[in-house]
Amino acid sequence: MLDIHVSLMLIVLAIFFFLIFQLNQRLFIPLLRFMDTRDRTIAKDLEAARNLSNDSESLQEQARQKLEKARSEAARMRQEAIATVKEENQKAYEGKQRELESQYAEFTQRLETERETLKSAVLSQLPLIKEGLKAKFSQI
């Protein structure tokens, strides 16, 4: 039937342990070393990505602060420009108003002078006008 040979079993057992040893040396240890190296590389890359993310966030914060500062500076400059333009317009308005007032005063003075001239002319011509009216009334 079945015979068990101890020497054959020992040879198979020795071949089995030799194969385990060889697989361990040539396959499993390099594979585990590669996996450990890959894990360390992945961990290092993740840490670098976190650092870059933190750096990116701080740079974004700095950019946001600079942008806010630039906006406030632009608003201040705009307000200053508006105030300057309003002041210049106010001065121009006041100058034009003074000019118009002086022109109006000259006009009223000329008008008064012309009125006086017309009044004196009419008064000097009054006797002639009366005679002309009498002549017209007499013809009617």
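Predicted model: local features only at pLDDT ≥ 70, side-chain atom pairs only at ≥ 80, totals over all residues.
## Overall form

Along the principal axes, the C-alpha atoms fill a box of roughly 180 × 35 × 15 Å.

The helix is called H1 and covers residues 6-139. Leu123 and Leu67 are 56 residues apart in sequence, and their C-alpha atoms are 82 Å apart in space. Leu123 has its place in helix H1.

## Surface and burial

How much of the protein chain counts as buried? Of its 140 residues, the share is 0%. Leu123 is an example of a residue at the other end of the scale: its relative accessibility is 53%, and it counts as exposed because the cut-off for that class is over 50%.

The protein chain exposes about 13400 Å². Carbon and sulfur atoms supply 64% of that area.

## Charges

The protein chain carries 22 positive and 21 negative charges. The mean position of the positive charges and that of the negative charges are 4 Å apart.

Side chains of opposite charge can pair when their charged atoms come close. In this structure there are seven salt bridges. Some of them are described below.

## Salt bridges along the helix

Arg50 pairs with Glu47 in a salt bridge, with 3.1 Å between the closest N and O atoms. Both residues belong to helix H1 and are three residues apart, which is about one turn of the helix. How accessible are the two partners, Arg50 and Glu47? Arg50 is partly exposed, with a relative accessibility of 48%. Glu47 is also partly exposed, with a relative accessible area of 39%.

A salt bridge also joins the side chains of Arg64 and Glu61, with an N to O distance of 2.3 Å. Arg64 and Glu61 are about one helical turn apart, because they are separated by three residues in helix H1. Arg64 counts as partly exposed at 48% relative accessibility, and Glu61 is partly exposed with a relative accessible area of 32%.

## A linked group

Glu80 and Arg76 form a salt bridge as well, and here the N to O distance is 2.3 Å. These two residues are four residues apart in helix H1, so about one helical turn separates Glu80 from Arg76. Glu80 is partly exposed, with a relative accessible area of 43%. Arg76 is partly exposed too, at 38% relative accessibility.

Which residues are linked with Arg76 in a network of salt bridges? The network contains Glu73 and Glu80 along with Arg76.

Conventions: Residues numbered from 1 in each chain as written. Heavy atoms only, no water. Salt bridge = Lys/Arg side-chain N within 4 Å of Asp/Glu carboxyl O. Buried < 20%, exposed > 50% of the residue type's maximum accessible area, 1.4 Å probe, protein only. Areas by Shrake-Rupley, 256 points an atom, 1.4 Å probe, with all protein chains shown as cover. Lys, Arg positive; Asp, Glu negative; His and termini not counted. Charge placed at Lys NZ, Arg CZ, Asp CG, Glu CD.
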